Amino acid sequence: MRRSNLALVLRHLRDAGPRSRARIAVETGLNRGTVSSLVAELVDRGLVREGDVQRGGSVGRPGQTVELDGRNIGGIGVEINVDYVTAIVLDLTNAVVFEHRVALDVQALPPEAVLDAVTELTIRALGECAGRDVAAAGMTLAVPALVDTDEGVVAFAPNLHWTQVPAVDGLRHRLGRPGFPIQVDNDANLAALGEYAMGSRAGTRDLVYLTGETGVGGGVMVDGRLLRGAEGFSGEIGHMPLNPGGDLCGCGRRGCWETMVGLAALLRMAAAPDDPVCDPSLDLEQRLAVLSGRADAGEPRTLAALTLVGEALGLGASILVNVFNPRVLVLGGYFASLGDYLLDPMLAELRARVIAPDACQVVRSTLGFTAAARGGAHVALEAVLDDPTLVPVRHGA
Ligand SMILES: [Zn+2]
């Protein structure tokens, strides 16, 4: 009972912001004495701190506010994608404790070597945490794949060439059985959760997120909840067969949407194979900056490729908007970086093909290539929000 009340107060402070104990009591339905005692315990655990003195509030006499703290608790999010591995650590207020991305040609490496690279990056993140007195609450791995989240297994990742990789066990073993839980989930699902928690349109309950990577995936939030489907494999929108008989997809089929709008499709149309922008050993954001510069300079091949991708993006997105009626469609990954050139042709297609085009706004993710890792870090912190007693009382408290 006390544990769930601690969770209730902590979550309320995170979602509703700083406020007085009296106001928390009114809003949660707990009595005032209980709230004071719960807040005192959350302060002792370093999850809540005293804030400003608030005057003229509507409830009771002026009182000191309390606010979310949690600077000493970190959630680790790590993303594996075709061109890179990235890690981010967020504290309970979503402030960044650590962030690093490594360019990696994942397709050229066996899963074991990629998990070694993830481990190396995680150990760096943990080192930074230790130096800043941040304790890890958990870790979530994001992968562009069908994921068995219960078993911690990457079931099928067409663009990584992974089948049935026990990623969670592999990491737990490599990290020497750490004291925090490790999970794995689909990158688009985690990115959608990241957008919902901390993106520019955070809190939008009906939201679709599109990963713009080599693979194209979707994370679909319906009424504030992630749509998972019967087996957890929903959102595989990159494999909608929009051009039957078209190019071969990483999944083995032909003409999937991904073959028209994935990063590989753009690069194939925009540049020769030996062009440095196609080199996976170079940092993806730098390669995209080069492409963007060419488009700015009016380079015809680049502009033509971006227009074609934008139109194809609008074609597939129109299906999603007609089916899910989202309030917001968030463009992630390279769709966001090159949005200046993709958005106009995309929106023209949407206007032409969506039955109710005004209901949905298309926005570019402000979380860039960190959306999935941020979502993973956010999910890792949920354990603390569910059970604040996981965080020990701090010495001297
Ligand atoms: Zn496919």
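Predicted model: local features only at pLDDT ≥ 70, side-chain atom pairs only at ≥ 80, totals over all residues.
Student: Which residues in H4 are buried?

Tutor: Val114, Leu115, Val118, Thr119, Leu121, Thr122, Ala125 and Cys129.

Student: What should the 21 residues of helix H4 span?

Tutor: Helix H4 covers residues 111-131. At 1.5 Å a residue, the helix should span 30 Å. Its end C-alpha atoms are 30 Å apart, so the two values agree.

Student: What comes just after H4?

Tutor: Aspartate 133. It takes a positive phi of about 60°.

Student: New topic. How many salt bridges does the structure hold?

Tutor: The structure holds 26. Take arginine 2 and glutamate 41: their side chains meet in a salt bridge, 2.8 Å from N to O.

Student: Where do arginine 2 and glutamate 41 lie?

Tutor: Arginine 2 is in helix H1 (residues 2-16), and glutamate 41 is in helix H3 (residues 32-44). The pair therefore ties together parts that are 39 residues apart in sequence.

Student: Is glutamate 41 buried or exposed?

Tutor: Glutamate 41 is buried, at a relative accessible area of 15%. The cut-off for buried is under 20%. Arginine 2 has 37%, so that residue is partly exposed.

Student: What about arginine 23? Which side chain does it meet in a salt bridge?

Tutor: That of glutamate 27, at 3.0 Å from N to O. Both residues sit in helix H2 (residues 21-28). They are four residues apart, so about one helical turn separates them. Arginine 23 is partly exposed at 32% relative accessible area. Glutamate 27 is partly exposed too, with 36% relative accessibility.

Student: And arginine 101? What does it form a salt bridge with?

Tutor: Its partner is glutamate 285. The closest N and O atoms are 2.6 Å apart. Arginine 101 lies in strand S6, while glutamate 285 lies in helix H9 (residues 284-296). So this bridge ties together parts that are 184 residues apart in sequence.

Student: What relative accessible area does glutamate 285 have?

Tutor: Glutamate 285 has 39%, which makes it partly exposed. Arginine 101 is partly exposed as well, with 23%.

Student: How many bridges join strand S8 to S9?

Tutor: Three. S8 (residues 146-148) and S9 run antiparallel. Valine 147 stands opposite valine 154 in S9.

Student: What do S8 and S9 form?

Tutor: They form a hairpin, with four residues between the strands. In the turn, glycine 152 has a positive phi of about 70°.

Student: In what sense do S9 and S10 pair?

Tutor: The antiparallel sense, over three bridges. Phenylalanine 156 has threonine 163 in S10 as its bridge partner.

Student: Which residue in the turn between S9 and S10 has a positive phi?

Tutor: Histidine 161, at about 65°. S9 and S10 form a hairpin, and four residues lie between them.

Notes:
Residues numbered from 1 in each chain as written. Heavy atoms only, no water. Helix = DSSP H or I, 4+ residues; strand = E, 2+ residues; numbered from the N terminus. Expected span 1.5 Å × (residues − 1). Buried < 20%, exposed > 50% of the residue type's maximum accessible area, 1.4 Å probe, protein only. Salt bridge = Lys/Arg side-chain N within 4 Å of Asp/Glu carboxyl O. Pairing = 2+ DSSP bridges.
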